[in-house]
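Dear colleague,

Please find below the structure that I am handing over to you. My findings follow directly after it.

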Amino acid sequence: MTDPKAVPASDPESGEVSEADRLRVLLRTPAYLKALLFSALIGVPVSLAAFWFLVGLHQLEHVLWADLPKALGLGAPPAWWPLPLLAVAGVVVGLVVTRLPGAGGHVPAGGLHAGGSSAAALPGVVVAAVASLPLGAVLGPEAPLIALGGGLALLFRHLVRAPATPQSTALLGAAGAAAAIAAIFGNPLVAAVLLIEVAGVGGPQLFVVMLPALLSSGVGAVVFTGFGRWTGLETGSLTARFPTAPPRLDTGDVVWSIVLAAGVGALVHLVIIGGRLTAAFVAASPFVRTVVCAVGAGGCAGLYAVVTGRTPVEVASSGQATLVELAADPHAWSVGVLLALLLFKGAAYALCLGSLRGGLVFPVLFLGAAAGVLLAPLPGLGVIPGAAAGMAAASAAALRLPVSSVVLVVLVLGNSETIPVVILAAVTAFVVAELLPPGPPLTPRRPRGARVRSGPA
């Protein structure tokens, strides 16, 4: 067997070592093998923590938006219902941002990040997410889960007194984040692809980081799924299962999907810029302006309910449950309702991106699907190809992760027939969003009295 300490040279004359040989040597080192084993073990507690975290969010949301209105004799939530809930969310998040280490996690308008996790920031991340998501923030749970997974992994390393090195911090942070992402999306493949693009690494270094992440996410997915079936508790499911089989794609589907993707990509880009402008507005006075923006998002939901006569939950939420309803009966949504939904939910999304805490993925997938259903009556464009193209375009424009967007949308839709449309839409929207003016840069908030502790993950 080759001596692990011997580093083979690809060029005997120059003595230069090939990247592939470096990778083989690294995979034989005891320290890296221990990191792989620890990553597999991390997947179990992180996935269990993610499971209970999501169960808690799901149950609390049901209590606040279904049980409590019924208990008060209101039946469905009235138009004014989001205002007090989101006001409370704004107050709590404002206090977290100004008082706790880590400021409750990164500002969602800055995009999806896999780094910056720390054990010290965990309480603030959890409190901010619990205050934001169940109370009606137009955000998803993926960003808090990434921070939760990475922070717990580093906390477990500290508890077992494992050596803390820059490399181990990166590997374990990625592994914990991957296990948590696999929990929310229900698939370890999404976790691996997301981290590939979010980390922005390549070559052999990619495998060094991704092997622990993929291993941890696989273990986490098994534990998360099995534990959910054993307890019978629900965490919510990000799916869009249309009642009819997807049609065979034709020229109209392909052409219209490219046009739709360009328009959706441009509009989502404007919404993200709106989120960054909101973040800049909030940074001047974090507590007060966080409350103002949160109440503004609640006002958007209330206005939607007044204008359409429908429930404000369709705006004041991540869009996870509403996406399931839209896919189950897309024809039940009129043109006027879809237009109002895109307008008010888009505005609320921009306000929440710059003020509250959560992730970008869930709301933008729903907005893309709604845009696709709205434009489905175009000659030659079907409902399913339109929704697929809209979801891919919206996620690629918001996340700027085209490969991850393709994988995510294909898994959410659960079919392979629309893959060509999904790819074309994601690439088109990504290019359009990149070519448009980037908007103002997002400056991290460092409020007085809050210590921001972060490390590479």
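**Aromatic pairs and their surroundings**

Trp81 is buried, its relative accessible area being 5%. Please note that the model is a predicted one.

The structure contains two aromatic pairs. One of them joins Phe51 and Trp52 in an edge-to-face arrangement, with 5.2 Å from centre to centre and 80° between the planes. Phe51 has a relative accessibility of 1% and therefore counts as buried, whereas Trp52, at 44% relative accessible area, is partly exposed. The rings of Trp80 and Trp81 form a tilted pair, because their planes stand at 55° with the centres 5.5 Å apart; an angle over 60 degrees would be needed for edge-to-face. Trp80 has a relative accessibility of 45% and so counts as partly exposed, while Trp81 is buried.

**Charges over rings**

Two arginines deserve mention here. Arg289 places its charged end over the ring of Phe281, at 4.3 Å from the ring centre. Arg310 lies over the face of Trp333, and the distance to the ring centre is 4.3 Å.

**The chain as a whole**

The secondary structure consists of 16 helices and zero strands. The chain has 457 residues, of which 52% count as buried. Its accessible surface amounts to about 18,900 Å², and carbon and sulfur atoms account for 69% of that area. Of the contacts between residues at least 6 apart in sequence, 79% join residues at least 24 apart.

With kind regards

How values were computed
Residues numbered from 1 in each chain as written. Predicted model: local features only at pLDDT ≥ 70, side-chain atom pairs only at ≥ 80, totals over all residues. Heavy atoms only, no water. Phe/Tyr/Trp six-rings, centres within 6.5 Å; stacked < 30°, edge-to-face > 60°. Buried < 20%, exposed > 50% of the residue type's maximum accessible area, 1.4 Å probe, protein only. Lys NZ or Arg CZ within 6 Å of the ring centre and 35° of its normal. Helix = DSSP H or I, 4+ residues; strand = E, 2+ residues; numbered from the N terminus. Contact = heavy atoms within 4.5 Å. Areas by Shrake-Rupley, 256 points an atom, 1.4 Å probe, with all protein chains shown as cover.
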